[in-house]
Amino acid sequence: MLRPAIRGAARGRSFATHTSSIPRNYPSITPPYPTLIQNLNHVRSVLKRPLTLAEKILYSHLHDPVHGLGDGGRIRGEAYLQLKPERVAMQDASAQMALLQFMSAGLDRCAVPTSIHCDHLIQASDGAEADLKRSIISNQEVFDFLESAARKFGIEFWRPGSGIIHQIVLENYAAPGMLMLGTDSHTPNAGGLGMLAIGVGGADAVDAMTGTPWELKAPQIVGVHLTGSLSGWTTTKDLILHLAGKLTVRGGTGRIIEYFGPGVHSQSCTGLATIANMGAEVGATTSTFPYTSNMRGYLHATGRGPVAQAADEAAGKGFLSADDGAEYDEVIEINLSDLEPTINGPFTPDLATPLSKFGAFVKEQGWKDELSAGLIGSCTNSSYEDMTRVADLARQAKAAGLTTKVPFLCTPGSEQIRATMERDNVTSTLQDVGAVVLANACGPCIGQWKREDKKGEENAILTSFNRNFKSRNDGNRYTMNFLASPTVVTAMAFSGSLSFNPMTDSLTLDSGNRFKFFPPSGQDLPSTGFTPGDTSFYPLPTPEPQPDAEVVIQKDSQRLELLEPFTSPFNDGNLELPPLKVLMRVRGKCTTDHISAAGPWLKYKGHLTNISENLLITAVNDEGGDVNVAFDHDAPSGITETGTIPGVAKRLKGRNQPWALVVDENYGEGSAREHAALQPRFYGCNLIVARSFARIHETNLKKQGVLPLWFADKTDYSRIGSGDMIETVGLVNLLQGHPDAIIKLRVTNREGEIFEIPTTHTMSIDQIKWLHAGSALNHIRSQMK
């Protein structure tokens, strides 16, 4: 059970101590640089070429650095790497399913340091104190489960109110040259400290937690060469918004983005984290930067001086930057001096418009020139630097007698940031002009926003968040979310107009005079150091497992449910999938938000039966164009042929009829949520054939025993429809250990016509074993017997 001190959220805050007073176990947060450098020397003897920084970090974490790269042939984009991550971090929504899977492995402790962060289940409504108190009460059984599992297995448990997982990782665990996994797609945020932090599903996290080598197809490396300098209103957020417009949501798939050049070294550590965070929006595996003096300063400021000293030594040996002459698969040149503030959206994070052209863009689209709310913070932009810059604008506005014209919500990234903001009068400055400061949690960024206005109405909000798919923030599919820097969001909140350009435009005061903002300035680090605030939110470092502790799951819980292993479709000895009924053909963009919605559904993240009721409920059926409509062509008499997507999927499951999906481009982009793979598998899906997949989701499908295939000819997408029957041809060769096997789909359509469609796949030797066993976890369990 949670300690009584956490059950009540309405007690006073403490600011007396500095970050250095937080207990730390430095060996657990310092990469083993001597071992990594020795591993890298083995790798160099095989590859015999200059290496990028990303390659150094990846290859030094090989499970077998001597033989892990074979003969050193083509690696990037071709080879599968068996890796040893140093750490795992899980947020409270995804941790539930990850822990349920880990528990079924039968181990008594985690193989690597692991942490749980309670940030996703706190709903924004009235303000920090009330929201936190209400959310603790409404989610008590989930928090009790997470804390009890953490106690049993020796996991660090960050309590509700401690902050957002990615900000906490940056402040406490991230270190140059580290390799870590996180059960959230924005885990790459930690790359701001010159490491590789990769977002994965819970089953991938279980690999690391059980000591199983974690597999990753060696990414290509995109080099982004930064020159010049940012000035005026332009921030690192504008850099990544600009790059998202260039690369699109698919441009980073299967690639690591590695930034280099003189423009890197002038950016703050938290500014680099903003860039790395939104690399997820272009599909990148992760992003990273060479070690800089600003990273060193951030480590010292956050009480990790010994980590900085070890990193200095490793950097001196050439480990924390690319070799001279290292080659990238693509190089993108960006002169920071040429950038201007950028606004991206709506409904996709890669529709980039320079601020100077945004007003005209709004007019061209015929949208109302009205802003309905401004929101700043989130894991992307909630640093001390971000908050002091917006506070500078608030002070300018207050001096002129201005307050915000629209609701203005602010989310601190962590208790440390919140407490330091309050101590330094940043919070009061924002509140003086109308801001509502929310709890240290994800809140509106992930749909945890109890918004009472604009329901069902078209409206526009401006946020400093990272993602802006339809319905994501407030559940209203007509809300247009535009992404911008915190300073642009703040300035526009004082105008209430989408066309307002704070670089050039002025506001009319009550006196009739005109007011124009000066470009904002801020501090990357507080001059008197950070203060930790309420230290009861913090865990003790590296706690010992307590094997006798009971993991708390309430009887008949509607929030938590023990997992039953998925059965293998090959238990009868047949090494082709059974004949599959096509559930539907999904049209266009289908993110993990479409497949498994968040918002109010977050309460069921630990209960697979209940959360599966939201399967694909916002997906578009290509046969008719309707949302959440599927066809049951074999419906018995008296049962309608048309139903919801989860409803028809359940019918097929009830008939013991396995099924398949046909999907479009970049299927499963967005969040790392593995429920988007678990739910179709739970209802009987064995195969999904796509024009293309997003990286994390494709891996999650493989982990749960769903075969992901790619159309060899993308035009074949439209040849398969709902109710058609699909059989695999050639899968037997794959399952017999031939990863180059060609798999075809034999389709029998509803008219009785039979034809074959060629496909491709990305299955590795180990992934083939997962498929044969019915899931990766089934395979892991079989190896532990």
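Guide: Searching the whole structure turns up 38 salt bridges, a salt bridge being a side-chain nitrogen of Lys or Arg within 4 Å of a carboxyl oxygen of Asp or Glu. Please keep in mind that this is a predicted model, where local features need pLDDT of at least 70 and side-chain atom pairs count only at pLDDT 80 or more, while totals for chains, interfaces and linings use all residues. Residues are numbered from 1 along each chain as its sequence is written, and side-chain values use heavy atoms, with hydrogens and water left out.

Let's start with Glu-55, whose side chain meets that of Arg-49 in a salt bridge of 2.7 Å, N to O. Glu-55 is buried at a relative accessible area of 1%, whereas Arg-49 is partly exposed at 31%; buried means under 20% relative accessible area, exposed over 50%, and partly exposed in between (1.4 Å probe, protein chains only). Another bridge joins Arg-423 to Asp-424, with 2.8 Å between the closest N and O atoms. Arg-423 is partly exposed at 25%, and Asp-424 is also partly exposed at 25%.

Next come Glu-665 and Lys-714, bridged at 2.9 Å, N to O. This pair ties together distant parts of the chain, 49 residues apart: Glu-665 sits in the loop between strand 25 (659-663) and helix 23 (675-682), and Lys-714 in the loop between strand 27 (707-711) and strand 28 (725-729). Helices (H or I, at least four residues) and strands (E, at least two) are DSSP runs, numbered from the N terminus. Glu-665 is partly exposed at 24%, as is Lys-714 at 40%. Returning to Arg-49 and Glu-55, salt bridges with shared partners join these two with Arg-74, Arg-76 and Asp-329 in one network.

A polar residue comes next. Asn-614 lies in the loop between helix 21 (608-611) and strand 22 (620-621), and is buried at 0% relative accessibility. Its side chain makes a polar contact of 2.7 Å with that of Gln-679; such a contact is a pair of N or O atoms within 3.5 Å, where within protein one must be able to donate a hydrogen and the other to accept it, and residues adjacent in sequence count only if both atoms are side-chain atoms. Leaving aside residues up to four places away in sequence, Asn-614 touches Ile-595, Ser-596, Ala-597, Trp-601 and Gln-679, contact meaning heavy atoms within 4.5 Å.

Now for helix 15 (residues 355-365), where Leu-355, Phe-358, Phe-361 and Val-362 are buried. Seen down the helix axis, the buried residues fall within an arc of 100°, so they line one face of helix 15; the arc is that of the directions from the helix axis to the C-beta atoms. The face turned away from the buried side carries the exposed residues Lys-357, Lys-363 and Glu-364. Covering the buried residues of helix 15 are elements including strand 12 (342-344), strand 13 (352-354), strand 18 (479-483) and helix 19 (486-493). Just after helix 15, Gly-366 adopts a positive phi of about 75°.
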